[in-house]
There are 2 protein chains.
Amino acid sequence: MPTDHNDLPTSADVFTAAQNISGRIHRTPLISSGQINRLSGADLWFKCEQLQKVGAFKARGASNALALLPPATQMVATHSSGNHGAALAWAAAERGLACTVVMPETAPLAKRAAVAGYGAEIVICGPSQADRESALQKLVEQTGAHIVPPFDDRRIIAGQGTVALEIVQQCREQGFTPDILVAPVGGGGLLAGIGLAVAALAPDIIVMGAEPAGADDAQRSLRGGTHVTTQKPDTIADGLRTTLGRRNYAVIRRTVRDVVTVTEHGIVEAMRLLWTRTKQLVEPSAAVGLAAVLEHGARFRNKNVAIVLTGGNMDLHRVADLFNDREESP
Amino acid sequence: MPTDHNDLPTSADVFTAAQNISGRIHRTPLISSGQINRLSGADLWFKCEQLQKVGAFKARGASNALALLPPATQMVATHSSGNHGAALAWAAAERGLACTVVMPETAPLAKRAAVAGYGAEIVICGPSQADRESALQKLVEQTGAHIVPPFDDRRIIAGQGTVALEIVQQCREQGFTPDILVAPVGGGGLLAGIGLAVAALAPDIIVMGAEPAGADDAQRSLRGGTHVTTQKPDTIADGLRTTLGRRNYAVIRRTVRDVVTVTEHGIVEAMRLLWTRTKQLVEPSAAVGLAAVLEHGARFRNKNVAIVLTGGNMDLHRVADLFNDREESP
């Protein structure tokens, strides 16, 4: 096993990742909605990673990790509640590698179906982080698979950060630089990668994380100055239930201004707005950035704010239930 | 009242309409999905009118009609189950005109909310076509409003046809001409307009209509050679419950090859595919084109098929119910 992936990622890793994955992933659109802008009192730009390969930004990190595998690797494995697993399965299939994904029994069916659809094997485990890690460890002992972790990994963080390079480019093409860039934070791969990219490319942009109040370890870590590594997550945002990784925390504390929390109600309302106004089917986790802008309006008023819509994979019937009896009135 | 809007629209009217509405409406994207192509055995290109102004192609016709109003018109009115009403309300607000929309009590709440949101007045009526027409007539007698009909109108048909001009241009930009162009048909404004556009611009393209089996008046009209003007619609595709207009039938019988019908199950499955694979929130009526390709596979196999996704406005809780207990398995 190489040791150079165990230290912290750098901004240069993000630029290298952009080259590694160029042509393999989509340059997703950056869209806006006049109606949502009027509601929020800010100019919001949504980066559409629900339109990315596998329907989530995770394709970026997975693709970069497989570009940087130890020589002669034939099989990769990971644990994931969904999008990272699908992304690794997709990236492995692209390169002709075998792939196994350890998934908690609570993972959405649609995400299991996606992993299976890309030809990966699935091992079901209990819902906790410890359950996942022990199942993965056992698998590696049995098969010798190379682990590609979902977020606490230099290659993954660098790959996810490429989304910020595109956002800055796309905003500049439209003649401005965003004042603030907001991204949801779960394990912190995306947020750490964005922090590194922005620090090098456009250090005037304020990078902010957003997370459910029911999974607020990142805020507690950042504001308290100590890495919080346990929590009992309680949120519909299934992609944000994990705690910050070690590398992720180390990068985020240096590059991210703050993490704000949002309510479950705010997540549903933001998701409803995105569905009805932009016609984009984003998953609950992906609505957390907009929820942050709406619930912390004063911090964003009259700013140009770029928000990452992280993915669009979900069980429709579960999410649909959220909208029952809550339809807007005429 | 001018009389020149009472005769049949021509292909030239469509080209003029494109000029009339240029800059007021979006040139919506044309997208594809590798997964849906593999499922269908055809190369499908989806024209994204759910991303049009007001979330539906109806913005085209309404905008064109208001560009061609009789001089000194100050108020417009119409009847509509939803998208035409919202489109007229939007177009009227853009031009500083008053607008009233007669809506059946069965219209989706989201569509009522949209009409109200653009500042138009709403008059609620019974669910039948006769209910709508008598309520509208009464309104005109009281107010002198100029009626912009939802589909049986030269200006509306011409405006809707502009979507086909864009489709042909966008396909040519990608280096091909579609073999078949499929559009849902309710009152027939869209399908007639497309027929006129294609007849002039690319007559080798086969134009086909698609409608629910539970609202199959267009197929019966076209195949039987007699205009069917009554039916008892039974379909979730609320935009397609109306019968073909007189002008619409006259144009469609000359320019459209055939109309195929689809099942309710097929509509839901097509909608699920579009939601999950393209992450585009299309309404049931908008899924009817893809449902036609999936249920009549042999007619489309290995062809380049352009399909109009007509809109994305719906009551989320109603549509969500369709997906209950029907989730794909892992």
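1. Rings of Phe, Tyr and Trp (for Trp, its six-membered ring) are taken as a pair if their centres lie within 6.5 Å; planes under 30 degrees apart count as stacked, over 60 as edge-to-face, and the rest as tilted. Searched over all chains, the whole structure gives three aromatic pairs.

2. On provenance: this is a predicted model, in which local features need pLDDT of at least 70 and side-chain atom pairs count only at pLDDT 80 or more, while totals for chains, interfaces and linings use all residues. Residues are numbered from 1 along each chain as its sequence is written, chains are lettered from A and ligands numbered from 1 in the order in which they are written, and side-chain values use heavy atoms, with hydrogens and water left out.

3. One of the aromatic pairs is A:W45 with A:F176: the ring centres are 5.0 Å apart and the planes stand at 35°, so the pair is tilted. A:W45 belongs to strand β2 (residues 43-48) of chain A and A:F176 to the loop between α7 (154-173) and β7 (180-184) of chain A, so the contact ties together parts 131 residues apart in sequence. Helices (H or I, at least four residues) and strands (E, at least two) are DSSP runs, numbered from the N terminus. A:W45 is buried, at a relative accessible area of 15%, and A:F176 is buried, also at 15%. Here buried means under 20% relative accessible area, exposed over 50%, and partly exposed in between (1.4 Å probe, protein chains only).

4. A further pair is formed by A:W275 and B:W275, with ring centres 5.8 Å apart and planes at 85°, so it is edge-to-face. A:W275 sits in helix α11 (residues 264-278) of chain A and B:W275 in helix α11 (residues 264-278) of chain B, so this pair joins two chains. Both residues are buried: A:W275 has a relative accessible area of 2%, and B:W275 has 2%.

5. For salt bridges, the rule is a side-chain nitrogen of Lys or Arg within 4 Å of a carboxyl oxygen of Asp or Glu. The count over all chains comes to 30. Among them is A:R27 with A:E173, at 2.7 Å from N to O. A:R27 is in the loop between α1 (11-21) and β1 (30-31) of chain A and A:E173 in helix α7 of chain A, 146 residues apart, so distant parts of the chain are linked. A:R27 is partly exposed at 44%, whereas A:E173 is exposed at 57%.

6. A:R299 and A:D258 also meet in a salt bridge, 3.0 Å from N to O. A:R299 lies in the loop between α12 (288-295) and β10 (304-309) of chain A and A:D258 in strand β9 (residues 258-262) of chain A, so parts 41 residues apart in sequence are tied together. A:R299 is partly exposed at 35%, while A:D258 is buried at 11%.

7. In chain B, a salt bridge joins B:R299 and B:D258, with the closest N and O atoms 3.1 Å apart. B:R299 is partly exposed at 36%, and B:D258 is buried at 11%. Salt bridges that share partners also join A:K47, A:E49, A:R60 and A:E166 into one network.

8. How can chain A be laid on chain B? A turn of 180° with a shift of 0.0 Å along the axis does it, at an RMSD of 0.0 Å; that is the relation of a two-fold axis. The superposition is by least squares on the C-alpha atoms of residues with pLDDT of at least 70 in both copies.
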